[in-house]
Amino acid sequence: MSHFVIRGGRRLEGEAGIQGAKNSVLPILAATLLTAGQVELRGCPRLRDVDASVRILEGLGCTTRWEEENTLVVDTGNLYGYAVSEALMREMRSSAIFLGAILARCGQAELSYPGGCELGPRPIDLHLSGLRDLGAEIDDAGGVLHCKASRLQGREVVLSLPSVGATENLMLAACGASGVTTIAGAAQEPEIVDLQNFLTACGARVSGAGTSTVSVEGGRPLHGCTYTIMPDRIVAATYLCAAVSAGGDIYLRRAREEHLSTVTAVLREAGCVIRSDERGIACTCRNRPAAVRPVRTAPYPGFPTDAQAILMASLLRCRGAVVFEENMFANRYRHVDELARMGADIRVSGRAAVVTGVKNLHGAPVRCTDLRGGAALCVAALAAEGETEVSEIGHIDRGYEDVARDLRNLGADIFRVEDENAEFTRR
Ligand code: UD1
């Protein structure tokens, strides 16, 4: 199996560029189905989840090609299918995002139920009830979702909690509905603004993304466009946390602090000096981090759940204790047992985890349990004495284009040992 070997204890120094955002490109790939034409996506990250989305698009009859390292061209002109296979649904839980777009384009859609994932149950009840509000008939018997809508009709849809995926799914379905759809209680993540910007570039009328009410004037024919994916704020957070963990002086090109302000506020509290401009973010961390006030995950603009594990990993050697509260997913402390193998002192009780800073961490064989938990192991290993072997890194490939390359650019001692039989290999 592919794994990383990391020799810790080296201060980071250097520059790295931030890849395009995974959570932005996935809904935008689904949104290409709404266009009659060719879409050129620049800054498209080469990820396992992007590969899975491309296979879903191709399975529906679209053609795709990589032009340069990070430019993906999608042509949906010859779409003939409306069903996504169970194998592809299993590969990427967030493939439910294709539902709204397929329904809007084809008038019907067939997907298997996404079920649970590494983070716990992954319900899509809000997606389904919102689509029903727009006029879709959905039969979810037997683990397969059969959806039909001869005509989608815009109206007000109220989300009882600000689900990112449900907001995006409804925005896509609403583009194919007649009249105006208003999504109240919408999620406000920057990736939703990116989706709005993409749809607008294709000729759609969407407004309000980034606030709790998103409006879509549907029924307009959408055309192709060239669009650049926004930088990945969680990848940027990961490398900032790497500098906190190992100590360092780094610069992240394209990172945007306005997307990360709750994370940088905590890092400043921990003693880092962070400066940003329109080109990127510079971060200097000299000492062992200070303990910070409790960190509670919440929907945007709150502290992102996706940065919980990596921040925790960066504070394992803090001076004092830090309380974490995970409010978004039931099963998001699976990295804790692995971090403990490196000498971390973490106690978990329900939603809370208390990290008591230790003086030293040591290298150990550890195993990724999920995408961000896996990145957290790398962050911790950079501060550990000796060698850490991080296995099951397929989880990390879902969201990081090349974490070893980026961390090496920042001065870390990390290399990847490739499994010859791996399905997804780095290019
Ligand atoms: C997205 C992100 C993921 C991030 C999460 C929360 C993508 C591809 N993934 O996931 O990285 O961790 O936002 O910021 O963008 N819920 C329901 N019913 C629903 C939908 C969601 O109860 O129909 C609950 C979920 O169980 C969870 C919460 O709402 O507790 C937030 O989930 P949601 O915002 O939908 O996350 P995703 O869109 O799946």
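In this predicted model, helix α8 (residues 233–246) and helix α12 (residues 371–381) have axes that come within 9 Å. Their crossing angle is roughly 25°. Angles under 35 degrees count as roughly parallel, and α8 and α12 are therefore roughly parallel to each other. The crossing of α8 past α12 is right-handed.

The axes of α6 and helix α7 (residues 190–201) come within 10 Å and cross at roughly 15°. That angle makes α6 roughly parallel to α7. Here too the handedness can be given: α6 and α7 make a right-handed crossing.

In total, 17 residues surround the ligand. D125, S163, G165, D306 and M328 are the closest. By class, the shell holds 7 nonpolar, 6 polar and 4 charged residues.

Three of these closest residues, D125, S163 and M328, can be followed atom by atom. Start with D125. An N or O atom in the D125 side chain is 2.7 Å from a nitrogen atom of the ligand. Next comes S163. An N or O atom in the S163 side chain lies 2.6 Å from an oxygen atom of the ligand. M328 uses its backbone: one of its backbone N or O atoms is 2.5 Å from an oxygen atom of the ligand. How much of the ligand does the protein bury? Taken alone, the ligand exposes 740 Å², and the protein buries 84% of that.

Now turn to the backbone in two loops. Most residues other than glycine have a negative phi, and most peptide bonds are trans.

The loop between β15 (248–253) and α9 (261–269) contains R254.

Methods: Residues numbered from 1 in each chain as written. Predicted model: local features only at pLDDT ≥ 70, side-chain atom pairs only at ≥ 80, totals over all residues. Heavy atoms only, no water. Near = heavy atom within 4 Å. Polar contact = N/O pair within 3.5 Å; in protein donor to acceptor, adjacent residues only side chain to side chain. Areas by Shrake-Rupley, 256 points an atom, 1.4 Å probe, with all protein chains shown as cover. Nonpolar A, V, L, I, M, F, W, Y, C, P; charged D, E, K, R; others polar. Axes fitted to C-alpha atoms, helices over the stretch in contact; angles between N-to-C directions. Helix = DSSP H or I, 4+ residues; strand = E, 2+ residues; numbered from the N terminus. Parallel < 35°, antiparallel > 145°, perpendicular 65-115°, else oblique. Left-handed = near helix turned anticlockwise from the far one by under 90°.
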